[in-house]
Amino acid sequence: MKNIKLVVLDMAGTTVDEDNVVYKTVQKVINDKGFNVSLEEVLAHGAGKEKHQAITDVLKACTDATDIATIAGEAFANFKPTLKLAYEQLNVKTFPGVKEMMENLRSKGVFVVLNTGYDRKTASSLLLKLGWETSKDIDGLVTADDVSNGRPQPDMIYKAMDLCNITESQEVLKAGDSTIDIEEGKNAKCGLTVGVLTGAQNEDQLKTAAPDYILSSLATLPEVLKG
């Protein structure tokens, strides 16, 4: 196994299959303000980001709005209650083989920490639906609420390293389904960055961030570490 002691895994679209409900909700609260952005536009400009930032960036890139700060603030105020309602009706699951992959890594002494652009309340509700517990199924959870700077800044990865007493970022692998996950890993100087095709962005989009690997699913991650 390569000298990786910690894997930091994104949640939605990477370890958690929630049918893009978060980005569909971002799309809804923006379009409720009188716009007509597509889900593809939301994924292209908002994937992986803290959600207020995602709304702001989609408005900037995909609309002719002038008072973006005000509109983004109003849309974000509607985001959490709208998402809460969507989650209450949602069947959250993981992708095939991902739970077994995490168990495999942890059995070999590799720490597994989830990180996310979600706030802690949303992320915790996802874990609850999955039945995953910290220390039993994962070694930690780092959310946008836990750091000063969200992706692509490396703060969440540094926080995960602190949780697991890892001091060398070359011993960390970061995996996610969007370019901003890869940028986050590179900004943290992770030893490996991995894109996965189960979520927000396609292979061509992920390649623009130049990850070390692009996998069809996280389930095959142990094969990467054997190389």
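**Close-up 1. Helix α3 meets helix α4.** In this predicted model, helix α3 (residues 51-62) and helix α4 (residues 68-88) have axes that come within 9 Å and cross at roughly 135 degrees. Here axes are lines fitted to C-alpha atoms, for helices over the stretch in contact, and angles run from 0 to 180 degrees between N-to-C directions. The two helices, α3 and α4, are therefore oblique to each other; angles under 35 degrees count as roughly parallel, over 145 as roughly antiparallel, 65 to 115 as roughly perpendicular and the rest as oblique. The crossing of α3 past α4 is right-handed, a word used if the near helix is turned clockwise from the far one by less than a right angle, with left-handed for anticlockwise. On the α3 side, the contact (heavy atoms within 4.5 Å) is made by Lys-51, His-52, Ile-55, Thr-56, Leu-59 and Lys-60. The α4 side brings Ile-68, Ile-71, Ala-72, Gly-73, Ala-75, Phe-76 and Phe-79. Sorted by class, the residues of this contact are 8 nonpolar, 3 polar and 2 charged. Ala, Val, Leu, Ile, Met, Phe, Trp, Tyr, Cys and Pro count as nonpolar, Asp, Glu, Lys and Arg as charged, and the others, Gly among them, as polar.

Helices (H or I, at least four residues) and strands (E, at least two) are DSSP runs, numbered from the N terminus. Residues are numbered from 1 along each chain as its sequence is written, and side-chain values use heavy atoms, with hydrogens and water left out. As this is a predicted model, local features need pLDDT of at least 70 and side-chain atom pairs count only at pLDDT 80 or more, while totals for chains, interfaces and linings use all residues.

**Close-up 2. Helix α1 meets helix α3.** The axes of α1 (residues 21-31) and α3 come within 11 Å and cross at roughly 55 degrees. That makes α1 oblique to α3. Val-22, Tyr-23, Val-26, Val-29 and Ile-30 of α1 make the contact with Lys-51, Ile-55, Val-58 and Leu-59 of α3. This contact has 8 nonpolar, no polar and 1 charged residues.

**Close-up 3. The largest nonpolar core.** A nonpolar core is a set of buried Ala, Val, Leu, Ile, Met, Phe, Trp, Tyr and Cys residues joined through side-chain atoms within 4.5 Å. Among the 59 residues of the largest one, Val-7, Leu-9, Ile-55, Tyr-87, Leu-173 and Leu-221 touch the most other members. Helix α4 gives the most to this core, with 8 residues. Apart from it lies another core of 14 residues, including Val-147 and Cys-164.

**Close-up 4. Val-7 in strand β1.** Look for Val-7 in strand β1 (residues 6-10). With a relative accessible area of 0%, Val-7 is buried; buried means under 20%, exposed over 50% and partly exposed in between (1.4 Å probe, protein chains only). Beyond four places in sequence, the contacts of Val-7 include Leu-105, Val-112, Leu-173 and Leu-221. Val-7 and Lys-174 are 167 residues apart in sequence, yet their C-alpha atoms are 5.9 Å apart.

**Close-up 5. Thr-193 in strand β7.** Thr-193 is found in strand β7 (residues 192-196) and counts as buried at 2% relative accessibility. Not counting residues up to four places away in sequence, Thr-193 touches several residues, among them Lys-174, Ile-182, Pro-211 and Tyr-213.

**Close-up 6. Asp-145 in a loop.** Asp-145 sits in the loop between β5 (140-142) and α7 (155-163). At 51% relative accessibility, Asp-145 counts as exposed. Leaving aside residues up to four places away in sequence, Asp-145 touches Tyr-118, Asp-119 and Arg-120.
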